[in-house]
Amino acid sequence: MKELESLEKIINSELTSKIISSKIKHNQILITIEDNNLIEVLLFLKTNSITKYRQLIEVTAVDYPEKDNRFRMVYFLLSHESNSRIVVDCYIKENKVVPSITSIYPSANWMEREVFDMYGIEFK
């Protein structure tokens, strides 16, 4: 748990202005960001020499029809080096075009198409 806490502190110190909130739950780090910071945050998490979240596990969305920011985009990442997982999420409005992360994680291509099929969320 100490390793996870120190990893969370490093991520928070490096991405201070990009993170809305962070916590450790179910033995993984959960961070919430603004959608316009998505590419920068994921690129940092993948390429930083400490974090090394090089594997994308899943991209999905959650629908909250009663909220202004109707959709919650959720990205699950894995670091084999530290044997840790991180969940990155951001809230978006209906009809908002989300930046595609296929340039960072090519496997996101299929996952983003599935999110579009299920929720109608478009990716740029």
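**Entry 1. Strand β2**

I take buried as under 20% relative accessible area, exposed as over 50% and partly exposed as in between, with a 1.4 Å probe and protein chains only. Helices (H or I, at least four residues) and strands (E, at least two) are DSSP runs, numbered from the N terminus.

I note that the model is predicted, so local features need pLDDT of at least 70 and side-chain atom pairs count only at pLDDT 80 or more, while totals for chains, interfaces and linings use all residues. Residues are numbered from 1 along each chain as its sequence is written, and side-chain values use heavy atoms, with hydrogens and water left out.

I then checked the two faces of β2. Q28, L30 and T32 are buried on one side, and I29, I31 and I33 are buried on the other. In a regular strand the side chains alternate between the two faces of the sheet.

**Entry 2. The sheet**

I traced the strand order as β1-β2-β5-β4-β3 in an open sheet of 5 strands with mixed pairing; two strands pair if DSSP finds at least two bridges between them. The edges are β1 (19–25) and β3 (55–63), each with a single partner strand, so one side of each is left without a neighbour in the sheet. From one strand to the next the twist averages 20 degrees.

I looked up the two pairings of β2. With β1 the strand runs antiparallel, and 6 bridges join the two. Within that pairing I found I19 bridged to I33, I24 to I29 and K25 to Q28. The hairpin of β1 and β2 has 2 residues between the strands, and H26 in the turn has a positive phi of about 55 degrees. With β5 the strand runs parallel, through 4 bridges; T32 has D89 of β5 as its bridge partner.

**Entry 3. Helix α3**

I compared the length of α3 (residues 108–119) with expectation. At 1.5 Å a residue its 12 residues should span 16 Å, and the end C-alpha atoms are 16 Å apart, which agrees; the expected span is 1.5 Å times one less than the number of residues.

I listed A108, M111, E112 and V115 as buried in α3. Seen down the axis of α3, the buried residues fall within an arc of 100 degrees, so they line one face of the helix; the arc is that of the directions from the helix axis to the C-beta atoms. An α-helix has 3.6 residues a turn, so residues three or four places apart point the same way. The cover over these buried residues includes β3 and β4 (71–79). Just after α3, I noted a positive phi of about 75 degrees at G120.

**Entry 4. K18**

I located K18 in the loop between α1 and β1. K18 has a relative accessible area of 18% and is buried. Leaving aside neighbours within four places in sequence, I found K18 in contact (heavy atoms within 4.5 Å) with T32, I33, E34, N37, E40 and V41. The C-alpha atoms of K18 and Y119 are separated by 26 Å, with the two residues 101 apart along the chain.

**Entry 5. Salt bridges**

I counted 6 salt bridges in the structure, each a side-chain nitrogen of Lys or Arg within 4 Å of a carboxyl oxygen of Asp or Glu.

One of them joins the side chains of E40 and K18 at 3.6 Å, N to O. E40 lies in helix α2 (residues 38–47) and K18 in the loop between α1 and β1, so the pair ties together parts that are 22 residues apart in sequence. E40 is partly exposed, with a relative accessible area of 46%.

Another joins R70 and E94 at 3.3 Å, N to O. R70 lies in the loop between β3 and β4 and E94 in the loop between β5 and α3, so parts 24 residues apart in sequence are tied together. E94, at 45% relative accessibility, counts as partly exposed. I also found D63 linked with R70 and E94 in a network of salt bridges.

I noted a further salt bridge between R72 and D89, at 2.7 Å, N to O. R72 lies in strand β4 and D89 in strand β5, so this pair ties together parts that are 17 residues apart in sequence. Both R72 and D89 are buried.

Terms used:
Axes fitted to C-alpha atoms, helices over the stretch in contact; angles between N-to-C directions.
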